[in-house]
Amino acid sequence: MEPRFVREGKSKRIYIKNGELILEFKDEITAGDGARRDPVPGKGVVNAAISAHFFRVLEEAGIRTHFRGYDGCRRLFVERLEMIPLEVIVRNYAYGSLLRRMPLLRRMQRLDPPIFELHYKDDSLHDPLVTEDDVLRAGLLTAEELSLIRRLALRVNEALSEHLRAHGLTLVDMKLEFGRGAGGEIVLGDEITGDTMRILDESGRHLDKEVYRRGGTPQQLLEAYLELARRLGVEVGRGELCC
Ligand SMILES: Nc1ncnc2c1ncn2[C@@H]1O[C@H](COP(=O)(O)OP(=O)(O)OP(=O)(O)O)[C@@H](O)[C@H]1O
Ligand SMILES: [Mg+2]
């Protein structure tokens, strides 16, 4: 059976095939909830490869994710989830929107234990920060699910921080999305890439989307993502040659 197109988001197209989803990573970058947008030829392939790599690291650490396979190019095969419309953020160092809402923190101040925060996923509202009580009252999660998501997010952070540290890299913060599997169980979904994490090398260079947020060109962004892949030993398929 041919894959059937389901929907297109800012960074991925979704297809369904035999009950399984295909996430196809696009050659495009956006910032400011889609206000800025540029083509980045090659980005889809490198981000799919990096995402597959991180999902494998998490599965090896015993964390359940939606990941089922990778085509070696720009497509991930994943378990279909009913996504929970929350951005789950874990922060190891103060950066970005945290500094704007809490000016008492210094930029890159170490946050130990990490800060766990939830944002309601709605671009038209600019993904507002919400409290745990908001989420419970709105019925987005049960109390048990909320505490499970907190524990899972912190375990993901531990595993990825350690993995990156082993390659000389620092995980500043990251955004995760969770969903419910067919039996209602909480599963980590979406992507794990330079679009969804801030990662610094030893010299303080960003190997993430910050390059673009700060006005860098699409080419500079691609170079940062390729450098992240190179540092992690992730093999990246070669553009049109692979799909
Ligand atoms: N395993 C999964 N099952 C179902 N949906 C998923 C899964 N993993 C990710 N998604 C969803 O796929 C959609 C497309 O991804 P993409 O990142 O391109 O969208 P987005 O523009 O960030 O978000 P959205 O369109 O939802 O506002 C997202 O809504 C994401 O939540
Ligand atoms: Mg997204």
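Q: Which residue forms a salt bridge with K10?
A: D123 does, with the closest N and O atoms 2.8 Å apart. A salt bridge here is a side-chain nitrogen of Lys or Arg within 4 Å of a carboxyl oxygen of Asp or Glu.

Q: What kind of model is this, and what are the ground rules?
A: This is a predicted model: local features need pLDDT of at least 70, side-chain atom pairs count only at pLDDT 80 or more, and totals for chains, interfaces and linings use all residues. Residues are numbered from 1 along each chain as its sequence is written, chains are lettered from A and ligands numbered from 1 in the order in which they are written, and side-chain values use heavy atoms, with hydrogens and water left out.

Q: What domains does the chain have?
A: Domain 1 covers 4–81 + 218–238, and domain 2 covers 82–200. The bounds come from an automatic or database domain assignment.

Q: How many Å separate their centres?
A: 18 Å, taken over C-alpha atoms. The contact (heavy atoms within 4.5 Å) takes 29 residues from domain 1 and 31 residues from domain 2.

Q: What area is buried between them?
A: About 2,500 Å², and carbon and sulfur atoms give 60% of it. That is the accessible area (1.4 Å probe) that the two parts lose on being put together, summed over both.

Q: Which residues in domain 1 lose the most area to domain 2?
A: D33, F54 and L81, together 27% of what that side buries.

Q: How many salt bridges cross the interface?
A: Five, by the rule.

Q: Which element gives the most to the side of domain 1 that touches domain 2?
A: α1, with nine residues. The elements giving two or more residues are β3 (20–25), α1 (43–60) and α6 (218–232). Helices (H or I, at least four residues) and strands (E, at least two) are DSSP runs, numbered from the N terminus.

Q: New topic: in what order do the strands of the three-stranded open sheet run?
A: β8-β13-β14, with antiparallel pairing. Two strands pair if DSSP finds at least two bridges between them.

Q: Why is one side of β8 and of β14 left without a neighbour in the sheet?
A: β8 (82–83) and β14 (186–188) stand at the edges, each with a single partner strand, so one side of each has no neighbour there.

Q: How many bridges join β13 to β14?
A: Three; β13 spans residues 178–180. R180 stands opposite I186 in β14.

Q: Where is there a cis peptide bond?
A: Between D112 and P113, with omega about 5°. P113 lies in strand β10 (residues 110–120).

Q: What about the phi of M108?
A: M108 has a positive phi of about 65°, although it is not a glycine. M108 sits in the loop between α2 (97–101) and β10.
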